[in-house]
Amino acid sequence: MKDDEIEKPQAMKIRQGIQDAMTYTLPDKKFSPENIELVEVNIELDNLGWNFHNYRILNICDIHLGQWINPEYLDDLVDYLNILNYDLITLTGDYVSYVLDGYDKSLEDCLKKLKANDGKFGVLGNHDHWMDSDKIREIFKHSDIVDLSNSVVLLTKNDEHINLAGVDSCTVCADDLDKVLAELDENYPTILLAHEPDFARQSSQTGKIDLQISGHSHGGQFIIPKFETTPFRGPNSTKYPVGLYKVEDMIQYTSKGLGTNSFRIRINCKPEITIITLKSKNRQKIEIE
């Protein structure tokens, strides 16, 4: 389905106007690490080779550049990310909100500046399609980000492997899980990037995905204290809106994301950067001579 055939939200021009007003009238527009939550998650995967034990994946999502996150904020955020300890970067969608023109160069510059020893891999979100998915994919290309929309790459360390896969946004019916499954090497564990967390209901049914990483929900922008969940759940984030879940035999992780949509308010729900550390269940073999 082409972007011009996708049903877009009502009153786009009004939303765009509100977005610009939000971005340039806020008093605190500078990035500060104290206002971001760095979430560390350990995840054990079956059949994970020992060479991937303690492998660290930095995930960022829902930047929504131009909707209170301005280019200067994002540039400082990237500087902060680049000093963290990780091996690979995943990006799980919604890089812009209702305006792309005027922000595309800043987005490209910031994504290009992101550093990762083992590469940068991403998928698109619904907002990216509403704005212009072709432009976002061009930004990916110029920023050395591998577009994993409905595709798979094989990560390799020595003689051990992981399938890193992605699906395009299911909100706009751009996902093609069958194509992804056809490309998987079933001998190795599989990590799936999917913007919408409720896609886990489909991916978990295959029995071929070990971990799905998502965003989209912004954690509901309000998390109930002690319960660590949210009452505010939008389309495709009603079942798995925030944090860690077990869905069938698959692990689902939903990030609270960096930006917000419509309203800037976050209550007990800081913007999130996630580092997922993979753990092997296999015992390490030590050769004794």
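This is a predicted model: local features need pLDDT of at least 70, side-chain atom pairs count only at pLDDT 80 or more; totals for chains, interfaces and linings use all residues.
Colleague: Good to go through this one with you! Where is Thr 274 found?

Modeller: Thr 274 sits in strand S12 (residues 272-280). Residues are numbered from 1 along each chain as its sequence is written, and side-chain values use heavy atoms, with hydrogens and water left out.

Colleague: Why does Thr 274 count as buried?

Modeller: Its relative accessibility is 1%. Buried means under 20% relative accessible area, exposed means over 50%, and partly exposed lies in between, with a 1.4 Å probe and protein chains only. Thr 274 is therefore buried.

Colleague: What makes the pairing of the Thr 274 and Glu 272 side chains a polar contact?

Modeller: The two side chains are joined at 2.6 Å. A polar contact is a pair of N or O atoms within 3.5 Å; within protein, one must be able to donate a hydrogen and the other to accept it, and residues adjacent in sequence count only if both atoms are side-chain atoms. So the pair falls inside the cut-off.

Colleague: And which residues does Thr 274 touch, not counting those up to four places away in sequence?

Modeller: Val 39, Val 41, Ile 57, Leu 58, Asn 59, Tyr 253 and Ser 255. Contact means heavy atoms within 4.5 Å.

Colleague: Ser 255 is on that list. Why is Ser 255 called buried?

Modeller: Ser 255 has 0% relative accessibility, so it counts as buried. Ser 255 lies in the loop between strand S11 (250-254) and S12. A polar atom of the Ser 255 side chain is 2.9 Å from the backbone nitrogen of Gly 257. Leaving aside neighbours within four places in sequence, Ser 255 is in contact with residues including Asn 59, Cys 61, Ser 214, Glu 272 and Thr 274.

Colleague: What about another serine: why is Ser 204 buried?

Modeller: Ser 204 has a relative accessible area of 8%, so the label is buried. The place of Ser 204 is in the loop between helix H7 (200-203) and strand S9 (211-214). A polar atom of the Ser 204 side chain lies 2.6 Å from the backbone oxygen of Ala 200. Not counting residues up to four places away in sequence, Ser 204 touches Val 247, Glu 248 and Met 250.

Colleague: Now to the core. What makes a set of residues a nonpolar core?

Modeller: A nonpolar core is a set of buried Ala, Val, Leu, Ile, Met, Phe, Trp, Tyr and Cys residues joined through side-chain atoms within 4.5 Å. The largest here has 40 residues, of which Leu 74, Leu 107, Ile 136 and Ile 273 touch the most other members. Its largest share, six residues, comes from H2. A second, separate core of 23 residues includes Leu 211, Ile 251, Ile 276 and Leu 278.

Colleague: Which residues of H2 are buried?

Modeller: Pro 71, Tyr 73, Leu 74, Leu 77, Val 78, Tyr 80 and Leu 81. In H3, the buried residues are Leu 107, Glu 108, Cys 110 and Leu 111. Their cover includes H2, S3, strand S4 (120-123), H5 and strand S5 (145-147).

Colleague: Buried or exposed: which is Asp 94, and which is Asp 144?

Modeller: Asp 94 has a relative accessible area of 1% and is therefore buried. Asp 144 has 58%, so Asp 144 is exposed. Asp 94 is in the loop between S3 and H3, and Asp 144 is in the loop between H5 and S5.

Colleague: Last one: why is Ile 60 called buried?

Modeller: Ile 60 has a relative accessible area of 3%, so it counts as buried. Ile 60 lies in strand S2. Among the residues that Ile 60 touches, not counting those up to four places away in sequence, are Leu 81, Leu 91, Leu 258 and Ile 273.

Definitions and conventions
Helices (H or I, at least four residues) and strands (E, at least two) are DSSP runs, numbered from the N terminus.
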